Every structure is written in structure tokens, then in C-alpha cells.
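Here are a few exercises to work through with the model open beside you. Try each task before reading its solution.

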Amino acid sequence: MDVRTLGQGLEVSEQGLGCMGMSAWYGATDEAESIATIHRALDLGIVFLDTADIYGAQPGENEALVGKAIADRRDQVVLATKFGNVFEDGKRSVNGRPEYVHTAIDRSLARLGVDHVDLYYQHRVDKTVPIEETVGAMKELVDAGKVRHIGLSEASPETIRRAHAVHPVTALQSEYSLWAREPEDNEVLETVRELGIGFVAYSPLGRGFLTGAFRSPDDFDDGDFRKYQPRFQGENFARNLDLVERVQEIAGEKGCTPAQLALAWVLSRGDDVVPIPGTKRRTYLEDNAGASGVELDGDDLARIEEAFPKHAAAGDRYADMSTIDS
């Protein structure tokens, strides 16, 4: 697995591994298989692991799983986690207060069983707290040695600039894939490149939809949060499935899987872009890893663009887009 460099000199594998689905939200989970998947990722050179304190049926559950998996392999891992999303009394909110930043990192380090994380993101922007105050607290974590690099997630260009003026931001994480190309339009990619910040693409497989594995909204269990998101419902599902079938056709001609083609497209966006496809199974991990061997030339990219043009996907990315800083 080749290496790419994010922002302030953070070297990561050109693909990372999103660990969220190992603990909740994508149907049934299997801790043993999840841990085996993390170990297989490390064996394949996929060393950039992504988690967050909110991931899991209970907050912190996914961090604990990741910590268990890397307990004797910490020196092989580039470890990223996040803070800011909070569930209280069954309701979700965002907390970017400086005192909470310090509390959150200590809890994360304890669950992960480590003395530092390599990359610490503000998961969502708290619009009630000046970003300068939140990032000021994150800078204090860097000074204390608890965090090596800082990042933001789903932040607007203005927020990114203000944050970067307080302390260099190493990575901006946002959804980016064939069906989520907003970073190309809202000046996010332009801004991070101007400032020398790396871009981490989460859900580069469209939450699994771009793999072609789903043929009906009924394919999702009641406990799978995708079942309740606009892009996976009704007419939106049918429209998006038509787009995916076009990707499948091109992938077949290239001799790769649809997942590999979709990931190869993200990898082609630039050496400063690192996709972190999520999976909880070794078979899918190995398939995803194969994308690094798929080369797309200009004709391939033009054909993909024609088959799956920008803004072609139907439906919002989330049922509630209010926490996206735009």
C-alpha cells in the first residue's frame, strides 16, 4: 500500500479503514471478525484507522474495540479519532467548548488504551462556540503530547481558514465519492489545497451503495441507519441504482469490481486525497485494497463522468443536514 502525506507531514496509507460500522448502525456486528479485519488491514499496509467517540451502540464502544485490536500493534498504526457529537437524553448535539475538548480526549485515550492519537478531529462544528476557542483547546492537547495533529470534519471554507490561523490543520474530513461531490463545488477542496491541508474522504463507496450490493430498500435491516436516509428510499433509490449499474458496467470492462472502480476514482482526485472506506469484514477489506492497483486513464475518467455526472445522485446525504457547516 502506497503512502500519502496529509497536511503537516502526517504520513498515512493511501487508503484508510473506517471502523464505525464495526460497532453499530450498519446492521449486525461481530467483534471477532471486526478485530480480524483490523489485523488484516495492518497486514496489507492499511495502517490509517478512523474511529470516533460517538461510534457504537453506546458512546466509546468503537474506540474500545479499536483499542483492543491494536493493543500489541500500536507502533504500526496511524490512529485517528474524533470528538464533538454528543447524545444526551436521547438527543444529538454538538459540543465544542474548550473544557469539553480536554474531557473528551482523556476519555478517548483511556478507551483506546494509548497515550496519544495521531490525528484528532472536531467531528462537527459547534456553531455556538467560536472555532478559535475550540481549536485553541486542541492546540493545548498538541502541546501536552496527547495529540500529534488536528483536523476538522464537514467544515466550511471560512471555518477552515479561521481554525488554521490558530493552529495548523492537518486534515479535513468530509464525505466524498462519485455520489457526493460537494467538496468540488463549495470551495472546500480549493481551500484545503491553498492552505496545504490534506483531504480525508469518508464514505467513498457511498455507504456501500456504490458496490452494487443493494438492489432494494428492503435489503437494509431495520437496525441499519441507511434505511432511513433519503438516498436509500423510494424513487431516490431507483434513480441511484440506475447510476450504480452504469458504474458496474464500466468496472466489468476494466476487470475490477464496482467498489474498486469507485475507490480508484477517489484515489485519482489527487495525492492529497485519502479515502477511508469502512467495512467490518475481511473479504470486503481485501476487495477495497485491490483498488490501489486499478489505474484510470483520461478516457476511463471521462466515461465515468458521463455515466455518473456530478450532482446526479438523488436525495440528501442525511435526513438532517443541519449539523453540516456550510
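**Exercise 1.** Leaving aside its neighbours within four places in sequence, which residues is Ser177 in contact with (heavy atoms within 4.5 Å)?

A quick word first: this is a predicted model, where local features need pLDDT of at least 70, side-chain atom pairs count only at pLDDT 80 or more, and totals for chains, interfaces and linings use all residues. Residues are numbered from 1 along each chain as its sequence is written, and side-chain values use heavy atoms, with hydrogens and water left out.

*Solution.* Start by finding Ser177 in the loop between β10 (171–175) and α6 (182–185). Its contacts, sequence neighbours within four places aside, are Ser203, Pro204, Gly206, Leu210, Trp265 and Val266. Ser177 has 0% relative accessibility, so it counts as buried (under 20% relative accessible area, 1.4 Å probe, protein chains only).

**Exercise 2.** Work out which residues of α3 are buried, and what they pack against.

*Solution.* Go along the helix and pick out Tyr100, Val101, Ala104, Ile105, Ser108, Leu109 and Leu112 as buried. Looking down the axis of α3, these fall within an arc of 165°, so they line one face of the helix. The arc is taken from the directions from the helix axis to the C-beta atoms. Their packing partners include α2 (61–69), β8 (117–122) and α4.

**Exercise 3.** Describe how α3 meets α4.

*Solution.* Take the geometry: α3 (residues 98–112) and α4 (residues 131–143) pack at about 40°, with axes 8 Å apart. Next, the residues: Pro98, Val101, His102 and Ile105 in α3 meet Glu133, Thr134, Ala137, Met138, Glu140 and Leu141 in α4. Sorted by type, that contact has 6 nonpolar, 2 polar and 2 charged residues.

Terms used:
Axes fitted to C-alpha atoms, helices over the stretch in contact; angles between N-to-C directions. Helix = DSSP H or I, 4+ residues; strand = E, 2+ residues; numbered from the N terminus. Contact = heavy atoms within 4.5 Å. Nonpolar A, V, L, I, M, F, W, Y, C, P; charged D, E, K, R; others polar. Buried < 20%, exposed > 50% of the residue type's maximum accessible area, 1.4 Å probe, protein only.
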